[in-house]
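Hi everyone, thanks for making time this morning. I'd like to walk you through one protein, from the overall fold down to a handful of residues. Here it is on the screen.

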Amino acid sequence: MTVETTRLSNGITVATQRFDHVESVALGVWVKAGSRNENDNEHGIAHLLEHMAFKGTARRSARGIAEEIENVGGDINAATSVETTSFFVRVLKNDLPMALDLLADILQYSKFDEDELEREKHVILQELGAATDTPDDAVFDRFTEAAFRHQPIGRAILGTRETITAFTSDQLRQYIDREYCGERIVIAAAGAIDHDDFAKRVESHFGGMAAKPKGKAVQLAHYVGGDYREHRALQDTQLLLGFEGRAYHVRDFYASQVLAMLLGGGMSSRLFQEVREKRGICYSIYAFHWGFSDTGVFGIHAATEPGDLEELMTVVLGELRRAAADIGEAEVQRARAQFRASLMMSGESAPSRAGQIARQILLFGRPIPNEELLDRLDKITVQRLRDLAARLFSQSPPTVSAIGPVDRLMEIDDIRAELAPERLGLGFEATASGKRFAVG
C-alpha cells in the first residue's frame, strides 16, 4: 500500500492511501497552526475555533451538521495541539462527497454566530474548570509553562478565563484568515479511496483558499526549565520531572523516543520495574518524549503518596544516571520491537493512518515509508542511547511540576546536583574562547 500525493495550485497537499477490502474512508484536514500561532491577546483562540467550526455555517445549522453526519452513521471530530489543528470524519465510502463538502463548509463558511459563541465560551470555561480541578491534567499545563516561561509554546491550549470571555467573532475570523492557508494544509484520506477522484473533489472545494499565511512566523522556542510546586490537600502528589528534548528534524529525535520507551514505556521498562514492581511506591510511572518543530520535551510522570516522595525521587534520579552507563542490547531490542509493532498496528487503522500521513507531511514535507522509519530505528545503537541519556539529563536545566502535598519533594538545586555531568560520566574542557564542551 503506497501513499499518493498531489499538490494543488494554492499549496494544499492531498494525500491518500487505499485500503483494499474495506467499505469506509477516514478523511480530514490538518492545519499547521495551533496554540503556538496565537498572539498574546488570543490565548485559547485556536481551541475555541475548533469548537466553533461545528456551530453553524451559511448552509448548515449546528444541529444540521451533527444530524447530517450521523444520518449516514459517520462520526466527526476535531483536535487542537500546540502546532496543529485537525478536523476529521469517518464515513462509508459512498458518503465521501458529503463528508468532504461538510469539512469544506465548516472551515471556510462558518458563521461564528454571536449567540453560539457565547454558549461555547461557557462550555470551554467548564472544560477549563474541569482541567484545573484535575491534578493529573493541571500538572502538565504547569509543567510546560515552567519549561517555556512566558512563551506561546508553553501556554495551556485551553486559554484563560479572561481571554476566553473576551473573544469576539471578528477575532475568530481574523485568526482563520491569517493562519489557515494552502501551504499549511494537508487533506488526507485512507481506506476505500480513489486518489485522482479525491484530489479533484478537494480542488473543487478548497481550491479558492489563499496560498500563503498573512501572519508573522511563530516565536522560536527557548527552553529554560523551571520549578512549579502547588500545595493541595490530596492523597497523592502529582509529579513531573523533565528536560529539554529534541525537535522533529534533529538526529536524536528517534533515539529520544526509544530512550523514553526504554525508561518508562511499558511494564518491562526500567522505571516501572524499579518503582512499581520492586518497591510499590506508585501505581503508575512512565516516560515520554514530545517533539516540536524547533525543540522538544523529555519527561517522567508519576503520582505517589507524600511519604514516598523522597524515595521516588531518589530512585528516578538513580535510574536516569544508570541509563547513561548500562543500557543493554536486549532492552534496546525490546524497545525497537514495541515501536515496530505500534507502527504496523497503527497502519492497519484507516483513521490512524490518515492522521499519520498528514502529520508526516506537515512536519517533514513528505510521507515517510515504514521501511525508512524502521531503518532509522535499527541504526540506534546502545552507545548512542547511553551518550544521549548522559547529555540530555545533565546538560539541560530540569523542569519540575508538582501538585499535592509537596513539602517532601526534593529541591530543584539538589536535583541538578544529582544529575551533574560528572555523575553521568561527562567531563568538560574549556576552549580558548572560554566556552565549555562535554567530553568523555
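Let's begin with the fold: the protein has 16 helices and 13 strands, where helices (H or I, at least four residues) and strands (E, at least two) are DSSP runs, numbered from the N terminus. Its radius of gyration is 23 Å, close to the 22 Å that the globule rule gives for 440 residues, so the protein is as compact as a globular protein of that length. For that comparison, the radius is taken over C-alpha atoms, and the rule is 2.2 Å times the number of residues to the power 0.38.

Before I go on, a word about the source. This is a predicted model, in which local features need pLDDT of at least 70 and side-chain atom pairs count only at pLDDT 80 or more, while totals for chains, interfaces and linings use all residues. Residues are numbered from 1 along each chain as its sequence is written, and side-chain values use heavy atoms, with hydrogens and water left out.

Back to the overall picture. The C-alpha trace spans about 65 × 50 × 50 Å along its principal axes. Of the 440 residues, 54% are buried; buried means under 20% relative accessible area, exposed means over 50%, and partly exposed is in between, with a 1.4 Å probe and protein chains only. How much of the contacts with a separation of 6 or more comes from residues 24 or more positions apart? The figure is 80%, with contact meaning heavy atoms within 4.5 Å.

Now the surface and the charges. The accessible surface comes to about 19,700 Å², and carbon and sulfur atoms hold 48% of that; the areas come from the Shrake-Rupley method with a 1.4 Å probe, and for residues only the protein chains shown count as cover. There are 51 positive and 65 negative side chains, and the centres of the two sets lie 5 Å apart. Here Lys and Arg count as positive and Asp and Glu as negative, while His and the chain ends are not counted. Each charge is placed at NZ of Lys, CZ of Arg, CG of Asp or CD of Glu.

Next, the inside. The largest nonpolar core has 57 residues, and those with the most contacts inside it include Leu241, Leu259, Leu385 and Phe393. By nonpolar core I mean a set of buried Ala, Val, Leu, Ile, Met, Phe, Trp, Tyr and Cys residues joined through side-chain atoms within 4.5 Å. Take leucine 259: leaving out neighbours within four places in sequence, it is in contact with Phe298, Ile327, Leu385, Leu388, Ala389 and Phe393. A second, separate core has 52 residues, Ile65, Leu125, Leu128 and Ile164 among them.

Histidine 21 has phi near 65°, a positive value in a residue other than glycine. Histidine 21 sits in the loop between strand 2 (13-18) and strand 3. Is histidine 21 buried or exposed? It is exposed, with a relative accessible area of 84%.

Phenylalanine 112 also isn't a glycine, and its phi is positive at about 55°. This residue lies in the loop between helix 3 (96-108) and helix 4 (114-133), and it is buried, with a relative accessible area of 6%.

Phenylalanine 112 turns up again with glycine 56, which touches Ser61, Ala62, Ile65, Ser110, Lys111 and Phe112, not counting residues up to four places away in sequence. Glycine 56 is in the loop between helix 1 (45-52) and helix 2 (62-70), and at 4% relative accessibility it counts as buried.

Valine 31 belongs to strand 3 (residues 24-31) and, at 0% relative accessibility, is buried. Leaving aside neighbours within four places in sequence, its contacts include Glu83, Tyr180, Arg184 and Leu362.

Glutamate 329 is in helix 12 (residues 329-346) and is partly exposed at 40% relative accessibility. Beyond four places in sequence, glutamate 329 touches Arg336 and Val382. Glutamate 329 and threonine 381 are 52 residues apart in sequence, with 8.1 Å between their C-alpha atoms.

Last one: serine 269, in the loop between helix 9 (253-264) and helix 10 (270-278). Serine 269 is buried, with a relative accessible area of 3%, and its contacts, leaving aside neighbours within four places in sequence, are Met261, Leu262, Leu263 and Gly264.
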